[in-house]
Amino acid sequence: MMALKTMMKFLLMAMLSFVCECRYPKNGLLLPMNSWAIAKKGLCPEGGGDKNAGCRHWKKLGFCLPGQNYYQYVTKTCPASCELCQARPTPPPKPHVVKVNVYECLKAHNSKRTLHRARPLTWDSSLAREAQDWALDLATRKIMEHSPTNDDGENLYESSATSSKPATCEEAVEAW
């Protein structure tokens, strides 16, 4: 009899643990077993996130809930929006060389140097190549530090933007 009570207690605890990991929709209804989303949801499989731009809208209309119009279609087409899995993050773009206007860069630097009566800079292609290599190295490693081998001096500038328009030399000089 004691073993049976212990076994029942274990089963009850196991069932409660299972129920606690399950998610309930906002309206409080218990979902059927096959449509429960686990609270610790995993990432959607590769290419397995939302497949339609209307997914967020359809979720707002309640189509992710069982018994609603288009439930089968929407949950298959919109697993991330319906919270059946977590959408994979978009990887950041790879570092790449951005072509700059040499004249504009020199003009931006020299306009500030003039304010301090410093001689104007001239373009040096070999220094520019070294700077470009160092900038790509920093971007690849996602760090910001001065070059340990550069005795010429350097100014570092980092920017992030939501548009595809790259930062300008003038913006970098203004930031310094």
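1. The largest nonpolar core of this predicted model consists of seven residues: Cys55, Trp58, Phe63, Cys64, Val74, Cys78 and Cys82. In soluble globular proteins, nonpolar side chains tend to be buried together.

2. Trp58 belongs to this core. Apart from neighbours within four places in sequence, Trp58 is in contact with Asn52, Phe63, Tyr73, Val74, Thr77 and Cys78.

3. How many aromatic pairs does a search of the whole structure find? The search finds two. In the pair formed by Phe63 and Tyr70, the ring centres are 5.3 Å apart and the planes stand at 70°, so the pair is edge-to-face. Phe63 is buried, with a relative accessible area of 16%, whereas Tyr70 is exposed, with a relative accessible area of 56%.

4. The secondary structure of the chain comprises six helices and zero strands. Of the 176 residues of the chain, 19% count as buried. The chain exposes about 14,400 Å², of which carbon and sulfur atoms supply 59%. Among the contacts in the chain with a separation of 6 or more, 44% join residues 24 or more positions apart.

5. The chain has an average pLDDT of 76, and 74% of the residues score at least 70. Confidence is highest in helix 2 (residues 55-60), at a mean of 94, and lowest in helix 1 (residues 2-20), at 42. Over residues 2-40 the pLDDT is below 50, although this stretch has 28 contacts in the model beyond near neighbours in sequence. Where pLDDT is low, the predicted coordinates should not be read in detail.

Notes: Residues numbered from 1 in each chain as written. Predicted model: local features only at pLDDT ≥ 70, side-chain atom pairs only at ≥ 80, totals over all residues. Heavy atoms only, no water. Core = buried A, V, L, I, M, F, W, Y, C linked by side-chain atoms within 4.5 Å. Buried < 20%, exposed > 50% of the residue type's maximum accessible area, 1.4 Å probe, protein only. Contact = heavy atoms within 4.5 Å. Phe/Tyr/Trp six-rings, centres within 6.5 Å; stacked < 30°, edge-to-face > 60°. pLDDT = per-residue confidence, 0-100. Helix = DSSP H or I, 4+ residues; strand = E, 2+ residues; numbered from the N terminus. Areas by Shrake-Rupley, 256 points an atom, 1.4 Å probe, with all protein chains shown as cover.
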